[in-house]
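Here are a few exercises to work through with the model open in your viewer. Try each task before you read its solution.

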There are 2 protein chains.
Amino acid sequence: MAEQVGGPAQVVLTASVARRYYLDGRSKVEIAEEFGLSRFKVARLIDAARDSGLVRIEIRHQGVIDVDLSAHVQDRFGLQHAIIIDTPDDHAESLRQHLGRAAAELLSEVITPRDVLGLAWARSVSAMAKALPRLPGIPVIQLTGALSLPNDDDSSVDAVRDVARASGGRAYLFYAPFTVPDATTARALRQQPEVARAFDQLGLVTKAVVGVGLWECGQSTLYDAAEERDRRALRHLGVCADISGVFVSADGEAVKTDLAERMIGITAEQMRAIPEVIAIPYGTAKAPAVRAALRSGLVSGLVTHTALARALLDNG
Amino acid sequence: MAEQVGGPAQVVLTASVARRYYLDGRSKVEIAEEFGLSRFKVARLIDAARDSGLVRIEIRHQGVIDVDLSAHVQDRFGLQHAIIIDTPDDHAESLRQHLGRAAAELLSEVITPRDVLGLAWARSVSAMAKALPRLPGIPVIQLTGALSLPNDDDSSVDAVRDVARASGGRAYLFYAPFTVPDATTARALRQQPEVARAFDQLGLVTKAVVGVGLWECGQSTLYDAAEERDRRALRHLGVCADISGVFVSADGEAVKTDLAERMIGITAEQMRAIPEVIAIPYGTAKAPAVRAALRSGLVSGLVTHTALARALLDNG
DNA sequence: CGGATCGTTGCTCAAATGAGCAGGAGATGT
DNA sequence: ACATCTCCTGCTCATTTGAGCAACGATCCG
């Protein structure tokens with residue numbers, strides 16, 4: 001870089017040639033004829049122009065997507081899709097809306113009429129559902145029960161209904177909590193017609209959208225809703241992340257838990273069978289969980305913000 | 001420009017491909033293999049990236065030369081060389097120094113050991129001479145007499161001596177004024193051995209450096225030094241510019257004048273015979289004169305500053 | 001002055017590339 | 001439902017382009 005290209009006349013000639021080539025799109029042969037040079041000379045001038053920095057090529061996107069970081073993350077973690085939203089925002093609610101919108105765009109871009117869509121419970125998934133404009137008429141399957149949140153009227157059901165309405169396709173939804181007090185109740189609930197009907201479709205799901213939580217206080221709605229016994233038990237088992245109810249350790253292994261028997265939701269195996277699972281995590285604190293989720297191979301798409309993406313790369 | 005490239009996934013893919021192509025210098029075939037696309041698809045993505053503005057290519061020079069303007073001027077006026085110095089400066093002395101330095105660089109770039117260099121009298125030529133670092137050992141010919149300026153110790157002779165010293169070549173210099181009171185004196189001076197020896201070389205000159213003046217008060221040292229009678233007479237003859245003593249009209253025709261008989265200097269025909277004549281004008285006021293000089297075809301190289309170059313293009 | 005070395009130039013040949021085209025999928029109007 | 005339209009894809013073939021090479025000229029030393 002920044003080597004010399006010679007004297008002023010040389011500089012002007014080089015710049016003219018580079019302009020004709022890069023900006024006017026002429027071929028080197030044409031340029032050679034125009035300037036009375038050999039095409040080799042033209043090629044060398046253009047190389048010199050690039051090497052010397054006289055020609056500067058930059059790739060950027062005047063929008064919310066950090067294309068470079070997105071590509072880097074996608075490449076680094078071998079993802080099918082990675083969308084990194086460039087926002088300095090760190091307010092959870094606002095972040096969720098931004099990411100929801102981006103995820104909605106991504107989904108409407110990658111979904112085809114032959115897809116079957118699965119939605120897990122997560123606030124970011126709800127945000128996406130609300131931002132979704134229109135979709136082909138595809139079936140939408142609810143993947144998990146819902147957690148009721150104090151300050152929020154969203155639920156897994158709402159998201160499924162929203163999306164099904166946007167698509168005009170069949171909605172497989174049910175009303176059930178994410179966790180129940182005992183395994184028996186859970187089994188009973190799974191027998192319930194609506195639940196059973198939805199779970200029967202699980203094997204057909206081709207694309208799913210999930211959230212990611214870190215198994216720590218305030219970093220996972222599932223953690224926050226769990227009893228202290230379960231929190232501890234799972235921590236002891238090495239649980240690092242919950243991917244909409246699927247537990248994985250820091251090194252990306254699915255972890256079998258007692259809690260699973262008391263949950264209404266998709267299993268690790270079922271999730272692994274889904275060709276594309278898009279996660280929408282946010283907050284730098286969750287970086288270890290996201291790393292675990294990516295390592296597990298369960299997640300193949302990521303929609304998140306710059307700060308978290310950088311955290312992933314810095315120590316990933 | 002600025003068309004869409006599709007959804008976020010598309011944007012990220014396009015950016016990745018464009019990065020590999022433009023920044024990493026991979027071939028489209030390689031990229032196609034890497035991303036599992038056809039090479040045609042890759043080509044279309046790259047085109048889209050350019051059209052949409054995702055890839056921006058700019059050509060600039062982080063230096064004093066405005067390469068774009070230079071190329072434009074060179075093209076517009078069919079010049080062999082055009083160097084436009086980007087400076088907001090409008091102080092004559094400072095401008096002269098900048099242009100002198102640039103002209104010196106240009107000269108040392110284009111001069112070859114087989115050239116014969118001619119120097120006319122002009123303050124900008126002196127400035128160039130002072131800035132000249134080294135040159136092949138070529139003959140240097142003085143083209144005109146000198147005008148003595150009140151606040152300036154430079155003269156045509158000094159410039160010739162400076163350059164000859166820089167080159168180590170033979171200097172054909174003489175001590176004579178640019179204008180004399182009558183034609184007889186002028187003829188007598190031309191008979192003078194030193195003058196005659198220099199003028200004998202005129203036909204051999206292959207490159208020359210000259211100044212340009214506008215035939216108005218304060219815009220030409222020759223005008224300022226002339227008597228009121230001559231000023232008027234030449235204005236009546238339609239003289240617009242003096243190119244180191246060669247007079248041309250606004251439409252670029254050489255103008256024959258009585259004054260010429262009282263001058264010690266190169267004629268229009270002799271100047272036309274020189275393959276490359278580089279002019280170093282400055283000051284926007286001189287735009288009409290420079291335009292005339294360019295139109296005359298006597299000048300084939302230009303070293304000047306942005307303001308004057310823009311003035312030339314705006315109304316040229 | 002002769003010889004060595006370095007950079008520059010234009011060549012050949014194989015690979016990369018662009019223009020234009022035909023087939024197919026999806027959208028649209030009747 | 002059907003015909004038509006449009007857009008997208010990947011093909012062929014001719015052109016453009018790059019890598020490496022040998023000849024040339026200039027410069028530098030001995």
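Predicted model: local features only at pLDDT ≥ 70, side-chain atom pairs only at ≥ 80, totals over all residues.

**Exercise 1. List the residues around DNA strand D, then sort them by class.**

Step 1. The residues around DNA strand D are A:Ser27, A:Lys28, A:Val29 and A:Ala43, along with B:Ser38, B:Phe40 and B:Lys41; a residue is near a strand if its C-beta atom, placed from the backbone, lies within 6 Å of it.

Step 2. At least two residues of this surface come from each of α2 (28-35) of chain A and α3 (39-52) of chain B. Helices (H or I, at least four residues) and strands (E, at least two) are DSSP runs, numbered from the N terminus.

Step 3. By class, the surface near DNA strand D has three nonpolar, two polar and two charged residues. Here Ala, Val, Leu, Ile, Met, Phe, Trp, Tyr, Cys and Pro count as nonpolar, Asp, Glu, Lys and Arg as charged, and the others, Gly among them, as polar.

Residues are numbered from 1 along each chain as its sequence is written, while chains are lettered from A and ligands numbered from 1 in the order in which they are written.

**Exercise 2. Which residues are around DNA strand C?**

Step 1. Chain A gives A:Ser38, A:Phe40 and A:Lys41, and chain B gives B:Ser27, B:Lys28, B:Val29 and B:Ala43.

Step 2. The elements giving two or more residues there are α3 (39-52) of chain A and α2 (28-35) of chain B.

**Exercise 3. What rotation superposes chain B on chain A?**

Step 1. A rotation of 179° with 0.0 Å of shift along its axis does so, with RMSD 0.2 Å (least squares on the C-alpha atoms of residues with pLDDT of at least 70 in both).

Step 2. The two copies are thus related as by a two-fold rotation axis.

Step 3. In chain B, B:Ile57 comes closest to that axis, at 2.2 Å (C-alpha).

**Exercise 4. In what order do the strands of the open sheet of chain A run?**

Step 1. The seven strands follow β2-β11-β10-β6-β3-β4-β5, with parallel pairing; two strands pair if DSSP finds at least two bridges between them.

Step 2. At the edges, β2 (81-85) and β5 (171-172) of chain A each pair on one side only.

Step 3. Inspect β3 (residues 117-119) and β6 (residues 207-210) of chain A: three bridges join them, and A:Leu119 has A:Val209 as its bridge partner.
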